[in-house]
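Subject: Structure handover

Hi,

Here is the structure I promised to pass on. Please open it alongside these notes.

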Amino acid sequence: MAEDRLSKIVSLCRRRSFVFGGSEIYGGLSSIWDYGPLGARLKKRIKDIWWDTYVEKKEDILGLDSSIIMHEDVFKASGHLEGFTDSLVDCPKCKKRFRIDKLEKISENLYRCTECSSEIDSSKHKPRKFNLMLKTNVSATEDEPNFGYLRPETAQGIFTNFINVLNSTHKKLPFGIAQIGKAFRNEVTTGSFIFRMKEFEQMEIEYFVKPEDAARAYEYWVNERFDFYTSKLGIRKENLRLREHEKDELAHYAKSCTDIEYNFPFGWSELEGIANRGNFDLTEHARVSKKDHNYFNEATREKFIPYVIEPSAGVDRTFFAVISDAYHEEEVNGKTRVVLKLKPNLAANCAAVFPLLKNKPELVELAKKIFYDIKVKFPATYDDTGAIGKLYRRQDEIGTPLCITVDVESLTDNKVTIRDRDTMKQERISVEKILEYIEAKVK
Ligand SMILES: [Zn+2]
């Protein structure tokens, strides 16, 4: 059933131009996906809401857009060069490569191959360390290589700009720096659909505080980020839960960490992590760069390295959660209706306009006029390429909250039929009231 639901969601995403396979005409690349016309819009809406909530509407958070390619020393300081590795083992029989911690352990040194069920003796076939970062040559010549890395998290761009931001904006603690951007991890374990990708996008805030305020700020961010998913993105509360990390699963730098998990079609998994990273990152960048990363508190004349709370969300996972949560199948007159019950402000189009008959020029003209008037204020679409029932189904599948139909009577009474996506109720309203009606729906 879960498998079934997942494949239905993947199929809808492809059919309705949300998500396509990356480099697909050449056979594709594992764990690389492209966003189609509707997917690009939904993804942008999610990012816009996040950015607006934290950067535009809060005075203590500043935005940043740092580069993807970073200096090797950044990752010496962050620990990624040494520690960001998987232990991989090759199956001697089928030659497939696996993360050893993902294999079934039979006994000491003996593992079972997931692919062909042969036994893998790890004392003979020794696991090898594999760094998950993508390395690239940033030198002008091939023969004198100079390596840079594609960042594995947007966070490092924030830490390496901490002094720049502090000195140029004169912000006082507490304050945050927020960034949305791509990050790259050469994952061997490939995930379900867009859950685990080699190229993905993050929305991260590094919120700098005095050490004594860290515990309180951490609590604040855990609650704030949980609420964001329900209030801003309309995800149902019963599909979200908090999971605090046990001490032994914490990353080496983290003092505490809580995951916000979503009930994905394949089970509960991490949507976002909120971590108290202490002063690990800034301390390490100060050590490796030999640049002073202290914050000077004028009131107390004290110098110290701030602590940081990091709410780190995945854009693609959020997209996946939003679509999964909105996906509904309903029985209508003995047929299955697929409907995306997206929060109206997330939908690609706020409204769709159809003429009931496309061979009546006066109807088409009025419908197009209504469409253009809406389009000035709200994203909308016009469609006359099918019978009305088919046009409704198409809009239901992409989550358009309102459909407006212009019929022969509209020409005399100046009214249209407006249909609600979720209730399928139809109402007759005058043309002058359309914009008001949409506004009330999507606000
Ligand atoms: Zn095998």
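This is a predicted model: local features need pLDDT of at least 70, side-chain atom pairs count only at pLDDT 80 or more; totals for chains, interfaces and linings use all residues.

**Helices α2 and α9**

Start with α2 (residues 37-56) and α9 (residues 315-326). Their axes come within 10 Å and cross at roughly 110°. That angle falls in the 65 to 115 range, so α2 is roughly perpendicular to α9. The crossing of α2 past α9 is right-handed.

Which residues make the contact? From α2, they are Leu42, Lys43, Ile46 and Lys47. From α9, they are Val315, Thr318, Phe319 and Val322. By type, the contact of α2 with α9 has five nonpolar residues, one polar and two charged.

**α9 by itself**

The length of α9 checks out. Its twelve residues should span 16 Å at 1.5 Å a residue, and its end C-alpha atoms are 16 Å apart.

Is α9 mostly covered or mostly open? Mostly covered: eleven of its twelve residues are buried. Among them are Val315, Thr318, Phe319 and Val322, which also belong to the contact with α2. The buried set includes charged side chains too, namely Asp316, Arg317 and Asp325.

**Arg97**

Now to strand β6 (residues 97-99), where Arg97 lies. Arg97 has 13 other C-beta atoms within 10 Å, so Arg97 counts as partly exposed; exposed would need 12 or fewer. Leaving out residues up to four places away in sequence, Arg97 touches Leu88, Asp90 and Val188. Glu115 is 18 residues from Arg97 along the chain, and their C-alpha atoms are separated by 9.7 Å.

Best wishes

Note on methods: Residues are numbered from 1 along each chain as its sequence is written. Axes are lines fitted to C-alpha atoms, for helices over the stretch in contact, and angles run from 0 to 180 degrees between N-to-C directions. Helices (H or I, at least four residues) and strands (E, at least two) are DSSP runs, numbered from the N terminus. Angles under 35 degrees count as roughly parallel, over 145 as roughly antiparallel, 65 to 115 as roughly perpendicular and the rest as oblique. A crossing is left-handed if the near helix is turned anticlockwise from the far one by less than a right angle, and right-handed if clockwise. Two residues are in contact if their C-beta atoms, placed from the backbone, lie within 7 Å. The expected span of a helix is 1.5 Å times one less than its number of residues. A residue is buried if 20 or more other C-beta atoms lie within 10 Å of its own, exposed if 12 or fewer, and partly exposed in between; C-beta atoms are placed from the backbone.
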